[in-house]
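Walk through the fold below with an eye on how its side chains pack.

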Amino acid sequence: MNKELRTMGKVIKEYVEKNVYNTNSRQMIDKGAWSAFLVKHHINFDNSSKRWCFRSARLKEVAYIKEYCGMTTYEDRTKNIGEFIEKMMECVRSAVNNYGPYREDFLSYSKYLAAPLFKYNLKNGPLIIDELNLNTLDLSIDVHCFDWIPGPDRHHIEEFEFTVPFKDLSSHEKMSKHVYDEELSFYLDYKDHLMDVDDITFAIPGVTLDISSIGRTALDNYYNRMNTKKFKRLASYQKDHEVLTTRRFPSWKGMLIEDPKAIQLIRLIYIFKVCSMYNEKVALNVELLLENKHPKIVQLFGNDIKAIRWVQDYLDMPGIVGCEEGKYLYTRDNPYPFFKRNDSLDKHRFCDFIAKEKGFEPDFLKVLLDHVFKQQVRS
């Protein structure tokens, strides 16, 4: 079967030919080495990967998540990739500036825990932890089929949904592989290949972009060429290590923490780890809280316990505390002092330091600190 992508193939070809004039560059794009967007605008969304990210959510957003059932309604079929990308970049600007008609189209995550915990979640609102596919597009594909064997519904449309790296949208070769080899091949086998593909159309209902590594100059140059407004002068998307996604709901792997006390416990564990004060005694006393051995201090539930343990494991991963420390420093007005883990004097200095940290209920923080520093024997 001739693996032409019909309408999709034409859309890709028109986009690349309009934006890239160098023959060698077009060949590299079709092989999937680069995106046409990178070649033309020097903005790199070509590095796709999976990454755990963090979001300080809003109460109304969480209420919407809980009411959610069924699939998102897809947009119209994409007939012009260039127009789609222009709209995408308008939405990026609105989201980063938190202003404009498209500011709600993207949700903002961070690649590190510091900003959601200490910059944006000081009222202990919901915290979302989820694994995102960075620099990817969610596609909805309609394959228009014609069966060779007479019968009802010889003309029919088969629908597929999958996620591809951003740069693959510029590549006829890569998109052909995604559609035929990864999705349509199973259906063709089921039909014994006794069918024709008359057309393939697509929509792009979802986008996830890591904008944290994109230089300000490249973005300003793009918006200047488009004759539109630029990022606001104090935009902190790089310092916040910001990721933008149109996905409105956490994945099946995602964790949603709503209990303000659970979030404060996560914040406390984070500070202990970053300040190198998380010794065996502290670890034991935190574990007793997670086992609900002290319900008068805090009563935790299954999903919150799972999330807190995940954060503990995350902070224990090689190199993570060192990375998070720098991000945590950015959220503070002043650097924190150096503490010695087992020094009794430093314990009091450390408690005074935490007491000045925003985001804690003072009475709850005092009870927590009294507990985690207490000498206890596990029963």
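The largest nonpolar core has 54 residues. A nonpolar core here is a set of buried Ala, Val, Leu, Ile, Met, Phe, Trp, Tyr and Cys residues joined through side-chain atoms within 4.5 Å. Buried means under 20% relative accessible area, exposed over 50%, and partly exposed in between, with a 1.4 Å probe and protein chains only. Phe 45, Met 88, Met 89 and Val 92 have the most contacts inside this core. Several elements each supply at least two of its residues, including α1 (6-19), α3 (36-41), β4 (136-147), α7 (172-190) and β6 (195-210). Helix α5 (81-97) gives the largest share, nine residues. Helices (H or I, at least four residues) and strands (E, at least two) are DSSP runs, numbered from the N terminus.

This is a predicted model: local features need pLDDT of at least 70, side-chain atom pairs count only at pLDDT 80 or more, and totals for chains, interfaces and linings use all residues. Residues are numbered from 1 along each chain as its sequence is written, and side-chain values use heavy atoms, with hydrogens and water left out.

Take Val 92. Leaving aside neighbours within four places in sequence, Val 92 is in contact (heavy atoms within 4.5 Å) with Phe 106, Leu 209, Ile 211, Tyr 223, Phe 231 and Leu 244.

Now the rings. Rings of Phe, Tyr and Trp (its six-membered ring) pair if their centres lie within 6.5 Å; planes under 30 degrees apart count as stacked, over 60 as edge-to-face and the rest as tilted. The count comes to 17 aromatic pairs. Phe 272 and Phe 350 form an edge-to-face pair, 4.7 Å centre to centre, with 70 degrees between the planes. This pair links distant parts of the chain: Phe 272 is in α9 (residues 260-274), Phe 350 is in α13 (residues 344-355), and they are 78 residues apart. Phe 272 is buried, at a relative accessible area of 1%. Phe 350 is buried too, at 0%.

Phe 272 also pairs with Phe 373. That pair is tilted, at 5.5 Å and 50 degrees. Phe 373 sits in the segment after α14 (362-372), 101 residues from Phe 272. Elsewhere, Phe 37, Phe 45, Phe 166, Tyr 222 and Tyr 223 form one aromatic cluster.

The charged end of Arg 51 sits over its ring, 4.9 Å from the centre. Lys 327 lies over the face of Tyr 112, at 4.5 Å from the ring centre. The rule for both asks for NZ of Lys or CZ of Arg within 6 Å of the ring centre and within 35 degrees of the ring normal.

Turn to helix packing. Helix α10 (residues 280-290) and α14 pack at about 120 degrees, with axes 8 Å apart. Lys 281, Val 282, Asn 285, Val 286, Leu 288 and Leu 289 in α10 meet Leu 368, His 371 and Val 372 in α14.

Ile 157 lies in strand β5 and is partly exposed, with a relative accessible area of 43%. Beyond four places in sequence, Ile 157 touches Asp 142, Val 143 and His 144. Asn 97 lies in α5 and is buried, at 15%.

Conventions: Axes fitted to C-alpha atoms, helices over the stretch in contact; angles between N-to-C directions.
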